[in-house]
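Let's take a friendly walk through one protein model, looking at how some of its parts sit together. Have the sequence and the structure open as you read.

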Amino acid sequence: MSSPARVHGLPAPRSNPGSEAVLPGAFARARWERSDRCDSRLSELYQTAVAAVPKAAGRTSLVAVGGYGRGEMSPCSDLDVVLLHAPDVAAAHVAQLAEQLWYPLWDEGVPLDHAVRDTRTMRTVAGDDWRAALGMLDARHVAGDAALTGDLRSAVLADWRKGARKRLPELQAACQQRVERAGELAYAAVPDLKESHGGLRDGVVLRALVATWLVDVPHQQVEEHRAALLDVRDALHQAAERRSDRLQPELIPEVASLLGLDPESLSRHVRGLGRRTAHLFDLTWRRVEQALTRPSRLPGRRASRRPALERLGDGIAVLAGEVVLDQKARLEDDPFLALRAAVEAAERGLLLAPATAARLAASAPDPPDPWPDHARRAFVRLLAAGPGLVGVWEELDHAGLVGRWLPEWDGVRLRGSDSSVHRFTVDRHCLETCVEASKRLRDVGRADVLVVAALLHDIGKQLAGDHSVVGAPLAEQIAARLGFDAADVESIGFLVRQHLLLPVTAVRRDIDDPDTLAVVADAVRDSDRLALLAALTESDARSASPAAWTTWRAALVRRLVAAVQTMLASRSRGGAVVEPRPDARQLPPPAWAAGVGAGSYRMRVHPQPDGTRISVAAPDRLGLLADIAGSLAVSGLTIRAATAALHEDRSGERPAAVGVSWWDVDAAEVDVAGLRLRLDRVLDGSTDLGGRLLHAGTSSSAAARRAGAAPPRVHVLPGVSATATVLEVRAGDRPALFWRLCRLLADAEVDVRSAHVDTLGPQADDVVYVTDRSGRPFGEEAAQQLSAMLEQALADGVEGGRR
């Protein structure tokens with residue numbers, strides 16, 4: 001297969017991709033050169049073909065469509081070309097001509113996207129399919145009968161304009177579906193340069209909307225944005241050495257180098273282009289909607305009246321679905337007129353007119369420090385407005401007003417997130433957290449504190465260090481400037497500083513341990529702040545992605561909150577601060593697990609909205625967790641999360657220790673009979689898990705080392721529990737990882753009292769509470785030795801042991 005550069009007959013823009021950046025304009029010149037080279041090759045092939053099939057000459061042509069038609073040939077672009085012919089040309093002659101054209105290109109390895117159409121069919125297809133119509137709007141003659149091409153293009157363009165009022169709603173719906181599927185270029189964790197909202201596809205649609213003559217757009221600005229994005233895509237093709245539109249994180253350094261940028265600058269450059277293009281795209285569709293709702297002017301009849309102006313007072317009005325200013329607005333002496341207009345728009349689910357936002361930004365004075373009470377209350381109303389907040393905030397930010405109100409916002413605007421579970425940039429995530437928080441205002445006593453904390457909870461991501469810790473002083477500084485009193489400023493700082501306390505504790509600690517509950521209770525101090533923190537936690541997680549708030553995570557956090565609430569209530573009544581943890585003999589198993597006998601087990605399988613939960617109870621023994629985890633692994637089930645605990649069953653003649661574990665797996669359906677058979681064979685010792693799982697683990701470990709992945713880390717967490725040693729294992733997720741961990745512990749004769757497994761994207765984070773065989777925590781030196789052994793074994797892929 002030819003290299004991408006040779007596919008189109010051109011050298012790469014430079015010979016050593018890692019040495020220097022391409023000069024400005026070089027990518028654009030290379031695109032046109034590729035297109036010109038393709039034109040020359042196709043023209044040459046066409047002349048040869050018509051010489052071989054003379055009866056096809058004169059009534060046929062080659063037409064470039066799509067990106068090739070626009071002269072936008074990236075290094076790995078397909079060659080989009082149509083062999084066009086008049087309806088009266090014999091099908092056999094057309095077929096012979098096509099063979100003469102396509103086979104040489106295929107032999108040369110050209111990625112060809114071709115079609116053969118007569119003019120009548122081509123016009124019909126363009127009339128029925130908006131995709132074909134958009135491709136033909138960019139059609140360009142390459143070879144053959146130029147009049148044939150020109151007549152068709154004129155007819156398609158006339159049909160497009162004539163049918164625009166009927167066809168544009170279908171195009172708009174398709175664009176909305178695409179955005180839901182591909183996300184937004186400005187905010188997506190892995191942006192798609194072509195399909196994301198604000199990407200290259202939107203630029204093509206804008207060209208088509210202008211062609212309807214219903215609306216106009218700032219053509220130069222749109223084309224400048226498209227050209228800049230095309231440069232990025234060209235560099236992406238060179239870095240990936242294949243056709244690609246997704247800017248994957250591992251390719252960003254090379255792409256940035258090709259463009260003469262550092263990785264962070266490239267990320268912001270791309271997101272900024274996407275944001276501005278999306279803004280123009282949305283604004284244009286608004287104008288289209290207004291044009292479509294206006295009845296067409298009929299001959300001999302007067303034009304319809306202009307939309308009525310609805311005055312809201314205080315210089316603010318609504319016109320044609322947008323909040324605007326009326327003639328009574330006093331811009332020069334009212335620093336918060338823009339804020340009040342934004343509140344009206346967000347709460348009513350309307351748009352803040354771009355011209356109005358720009359006028360307010362240009363004329364309104366800067367706000368005082370601190371803000372007066374009425375301004376702070378208006379700001380809280382804006383943040384609590386729900387879904388209407390996002391679009392209005394974006395308009396304010398485009399106009400420059402957000403930066404004047406919150407200078408600290410500049411540091412998070414369009415900043416990508418380092419977390420694999422975040423689907424948005426930091427700034428958009430904060431706004432989405434406010435939207436989620438607006439659904440929980442009735443759950444807290446201070447809704448104003450909640451929504452401000454939601455906006456600012458990740459403000460520290462612009463600074464080095466733990467963003468929760470370094471962000472708290474920034475949040476307090478902003479809250480004071482907004483006019484909150486000292487107590488509220490402290491509460492907002494607390495929420496920002498501790499906004500990860502509940503999810504981290506719930507997932508990575510034993511929430512049945514009173515020591516764990518005491519740590520949380522000591523941090524929150526009272527029930528009101530616990531309610532605020534719980535509401536912020538859920539809002540933050542839900543706005544991040546579905547993976548951050550699964551059924552399992554939600555249940556753990558709610559259990560933790562309920563337990564801490566009980567402890568706080570006990571303290572308020574003068575109860576014990578920390579109750580001693582009951583040992584296994586004081587904890588009965590769930591009812592379904594009671595009475596499980598020696599040599600047997602019980603299993604339950606329950607579908608969940610995001611997978612399946614498998615519960616297993618069996619008499620406790622060394623290595624039980626490893627055997628269950630291994631059984632799930634050999635069944636092809638990916639463990640997303642798990643918890644395990646030890647109980648004392650007194651339902652029989654003699655007390656018996658029972659291990660109960662809950663496993664959340666990704667599969668929507670589980671082969672229960674097959675899983676039960678594997679558990680039978682593993683638990684009775686007839687299946688050698690080691691023989692089946694060690695090879696997979698060793699191979700994946702070696703692959704991770706070749707890819708340069710960070711090695712596993714095992715930490716001892718001091719002070720977390722008074723009755724067990726707590727180990728945290730962080731590693732790249734790979735097959736049977738939890739089985740390897742449990743097998744290593746069992747072979748070292750270490751008891752696992754409870755386990756908490758969590759997987760976020762490619763990262764596994766497992767926490768185990770372990771004791772020695774006598775049920776006591778390890779000493780400091782022994783704990784460190786155990787940690788080092790696990791770390792080395794997991795890094796080497798040497799899982800040692802019999803199974």
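In this model, helix α9 passes α10 in a left-handed crossing (the near helix is turned anticlockwise from the far one by less than a right angle). The model is predicted: local features need pLDDT of at least 70, side-chain atom pairs count only at pLDDT 80 or more, and totals for chains, interfaces and linings use all residues. Residues are numbered from 1 along each chain as its sequence is written, and side-chain values use heavy atoms, leaving out hydrogens and water.

The axes of α9 and α10 come within 10 Å and cross at roughly 150 degrees, so the two helices are roughly antiparallel (over 145 degrees). Where do they meet? In α9, Leu200, Gly203, Val204, Leu206 and Arg207 touch residues of α10, among them Val222 and Glu223 (contact means heavy atoms within 4.5 Å). By class, this contact has six nonpolar, one polar and four charged residues.

Now for the sheet. Four strands form an open sheet in the order β5-β6-β7-β8, with mixed pairing (two strands pair if DSSP finds at least two bridges between them). β5 and β8 stand at the edges with a single partner strand each, so one side of each has no neighbour in the sheet.

| Strand | Residues |
|---|---|
| β5 | 309-313 |
| β6 | 316-319 |
| β7 | 322-325 |
| β8 | 351-352 |

β6 and β7 run antiparallel and are joined by four bridges; Ile316 has Leu325 in β7 as its bridge partner. Helix α14 (residues 354-363) packs on the sheet, touching β7 and β8.

Definitions and conventions. Axes are lines fitted to C-alpha atoms, for helices over the stretch in contact, and angles run from 0 to 180 degrees between N-to-C directions. Angles under 35 degrees count as roughly parallel, over 145 as roughly antiparallel, 65 to 115 as roughly perpendicular and the rest as oblique. Ala, Val, Leu, Ile, Met, Phe, Trp, Tyr, Cys and Pro count as nonpolar, Asp, Glu, Lys and Arg as charged, and the others, Gly among them, as polar.
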